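Open the model in your viewer and keep the sequence panel beside it. The tour below says what to select at each stop and what is there.

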Amino acid sequence: MRLNKIFASMLFVGASFSGNGWAESFQPFEVTDIQVEGLQRVALGAALLSLPVKVGDTVDEVKLQQAIKSLYGSTNFENISVSHEDGILFVTVKERPTISVISFEGNKDIKDEQLQESLDGSGVRAGESLDRTMLTGIEKGLQDFYYGVGKYGAKVEAQIINLPRNRVELKFKFTEGLAAEIRQINVVGNTVFSDYELIGMLELKDYVAWWDLFGERRYQKQKLQADLETIKTYYHNQGYIRFDVTSTQVAMTPDRKGLYITINVNEGEKYKVKEVNLIGDLMGREKLMKAILPIKPGNMYNGADVTFTEEMYSKYLGRFGYAYPEVKTYPEINDETKEVVLNINVNPGKRVYVRSINFTGNTVTKDEVMRRELRQMEGAWLNSAQIEQSKLRLNRLGYFETVDAETIPVPGSDDLVDVAVKVKEQPSGSFNAGVGYGTESGVSLQFGVEQNNFLGTGNQAGFSINTNKYSKSANLSYTDPYFTKDGVSLGGSIFWNEFDANEANLERYKNKSYGVALNSGFPINESNRLNGGIGYRHNTISEISSYEQALRFYNVYRNDDPDSDLSFDNFELNAGWYRSTVNRGQFPTDGSSQRLSGKMTVPGSDLKYFKTDFDTSFYFPLTPQHGFVMLARAHLGYANGYGKFDDNDQILPFWENYYSGGSSSLRGFKSNSVGPRSFYLYRGSEACSPDVSGDGCSLPGNLDTIQVSSGNSIGGNAIATASLEVIVPTPFLDEAYTNSVRTSFFLDAGNVWDTEFDYDSYRTLPADQFTKLQDYSDPDRLRASWGMSVQWISPMGPMVFSLAWPLKEYEDDETEIFSFNIGKTF
């Protein structure tokens, strides 16, 4: 820009001087008037302000040249001429045209927004005047960019299209051409590590396997520089402190379509660490800092250990308010002994305090909701560990797609900073009104609001009315996670539900329920939390199929009228422990979480039973950028009855059974289809009646004629499922959607069991029928499946798409390759 201005300011030599013998010899004169001609956009006053000549001044040739130079320096004019007559100074100008439109044509590798941002940096934008002298430099800069990505045949042409009223359209035409491919990469001078090993760690490739759909051999200058650093770092980490890349050559084929890259290296020899010295201002913590020093004398030199040590000490000093510490290692290399002395100089700088913490990007979430999650306080010294903990807590809320924190020095002060917390919000709930579809639930009608960040308060609120092929429900809930300032939560819910099991791939029964619940939670520390609650639930069970497992329950609690419904009133206690170290609330990529929960009905309830569940998840990032992540998770559950009822052992109500299969557990199998199946006993067309004893069919006649027939899935009182997933970048999707769309490849396995039903009591059946019964009980079968899943946090709520194929299945299993659901919990 400065060079262009200098070039423009020198154009005054091309101005024309005319009038009274000026061409022969210029005579100074006194200016009696100044007239400026040719002005259109520039105001006369603005032009005169740029002209260092006033009425009454005596001007000579030097002064006029200075005046013309000043006018060109205003950047408003592209041509200027002056003349005079009878003391009147005439200035004739041609204004620079105004850029009306900037357009781009033919660009594919560079987006319009990126091009416009680059032009803005050069002052070229719509509404500004056009400086033609800059266009050549802009063309060259854009062309150099294409050369940097291997497109050596690219051309960039700036076209100026004249428009009325001294306006122009500035059009950039791009001919990108094809990128030159890397034909071969050579490493010269290496003896310790092979070409295969070194080239294999490079991002640039000279060979891509046919099955690698996303691999490319395209050259990029920036990638080459990064690859050279990768090789250098690799050698330094192996003890070769003298290693150096002496030169690189990039040779192009005559047709400009291929490249040969040669990397010349000097490996040197391995060096050991002789001594490590901590020098500088250690703030009286020398003993501790030496104790945690990871580098030990006698070990092989490792550059990664040096970098880690510097970062570790910087973070350590950051915990005490030293925001800008300088920790630098100065090696003393002895080439004779092949040893190195590491002098680690520590300069903590000045202790810094936080003046204020400011939030941006939270258009919905209130400042106070975010501020209560902070561990860094205003007025306290800056603590880097507390800043990171604050970011982690904000991420775990699940309200934000990204959370960034930056320290900004306060002008005029060397010991104060402001902390700027910038967030990008994401949907933390959903509003449903309309029709939905799921392969498990069929067509559904919904109306409701589910919000984890209700009106930006951080409170969880929900009101919903839903109906699908097997369920109708209404629910009203509200939870305040900060009922007290110490983080004690309090919430409650009121619910109503009608459930038709036959429509949900289960054996037929109907369950109408309603109730109310109250719950509270108590934080133990940053990662652990306890919760507990009490509730009331009423169940009415009707239209029960007369399969043997249900009859076991029905015969204990039936009324005198065998056709009447069963009703139960229960009071429930629940308690749980939750631990989480994950880095984000939605789509974590690191850390783990565990949840242990249990509930039981209190004595005095119509039914006495308990349920316990344990869930765990571990996230292992496979790459530094967390693009690839390994996820391992498991769910264990067990439930049973306790106590007596009319001299009968209490058993678990069958509607409280565990179920598996579908997008939330064993993908590839139909919803709720995995586990034990019901079985019926028949003699001819006559089935066992509801008054059987439960110890086998009591139909009259010859026992050998009784037949066993299977029904649908009924669940069980025990469950164990596990899943192993590899989370990968979503193909063909911009990185901006990383935190809202997740793609993974998975392996699921598990089963559901009924550990209490006494199948041995049916051994009096014919042998072949008892064998059928054992098959239906499914005690030893383990299901497994594999496939791919895509999850999306949409404005309508979470969406899950799955493609899954059973890896281990049985003849009577119900499979489902494709599944799609809205509103499933991840």
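**Stop 1: colour by confidence**

This is a predicted model, so start with pLDDT. The chain averages 82, and 87% of its residues reach 70 or more. Select helix 1, residues 2-9: confidence is lowest here, at a mean of 33. Now jump to strand 28, where confidence is highest, at 96.

Next, select residues 1-24. Their pLDDT stays under 50, and the model has 31 contacts for them beyond four places in sequence. Do likewise with residues 430-444. Here too pLDDT stays under 50, with 58 contacts beyond four places in sequence.

**Stop 2**

Zoom in on strand 10 and strand 12. The two run parallel and are joined by seven bridges. Pick V187 and look across to strand 12: I263 stands opposite.

**Stop 2: helix 7**

Select residues 221-237. This is helix 7, with 17 residues. From first C-alpha to last it reaches 25 Å, close to the 24 Å expected at 1.5 Å a residue.

Show the side chains of K223, L224, D227, L228, I231, Y235 and H236. These are the buried residues of the helix. What covers them? The cover includes helix 6 (195-200), strand 11 (244-252), strand 12 (258-266) and helix 9 (303-318).

Step just past the end of the helix. G239 takes a positive phi of about 100° there.

**Stop 3: salt bridges**

The model counts 25 salt bridges. Begin with one that involves helix 7. E203 bridges to K223, with the closest N and O atoms 3.8 Å apart. E203 sits in the loop between helix 6 and helix 7, while K223 is in helix 7, so the pair ties together parts 20 residues apart in sequence. How accessible is E203? Its relative accessible area is 47%, so E203 is partly exposed. K223, in contrast, is among the buried residues of helix 7.

Move to E656 and K611. They form a salt bridge, and their closest N and O atoms are 3.6 Å apart. E656 lies in the loop between strand 31 (648-649) and strand 32 (677-683), and K611 in strand 28 (residues 609-621), so the bridge ties together parts 45 residues apart in sequence. Both E656 and K611 are buried.

Stay with that loop and select R667, then E725. Their side chains meet in a salt bridge of 3.2 Å, N to O. R667 is in the loop between strand 31 and strand 32, and E725 is in strand 35 (residues 718-728), so this pair ties together parts 58 residues apart in sequence. Are these residues buried or exposed? R667 has 3% relative accessibility, so it counts as buried. E725 is buried too, with a relative accessible area of 3%.

Now select R537, E572, K599, K611 and E656 together. Salt bridges that share partners join them into one network.

**Stop 5**

Strand 16 pairs with strand 18 (residues 416-425) in the parallel sense, over seven bridges. Pick N358: A420 in strand 18 stands opposite.

**Stop 4: T479**

Finish on one residue. T479 is in strand 22 (residues 471-480). Is T479 buried or exposed? At 17% relative accessibility, T479 counts as buried. Show what T479 touches, leaving out residues up to four places away in sequence: N459, Q460, L490, G491 and N519.

Notes: Residues are numbered from 1 along each chain as its sequence is written. This is a predicted model: local features need pLDDT of at least 70, side-chain atom pairs count only at pLDDT 80 or more; totals for chains, interfaces and linings use all residues. Side-chain values use heavy atoms; hydrogens and water are left out. Helices (H or I, at least four residues) and strands (E, at least two) are DSSP runs, numbered from the N terminus. Buried means under 20% relative accessible area, exposed over 50%, partly exposed in between (1.4 Å probe, protein chains only). Contact means heavy atoms within 4.5 Å. The expected span of a helix is 1.5 Å times one less than its number of residues. A salt bridge is a side-chain nitrogen of Lys or Arg within 4 Å of a carboxyl oxygen of Asp or Glu. Two strands pair if DSSP finds at least two bridges between them. pLDDT is the predictor's confidence in each residue, from 0 to 100.
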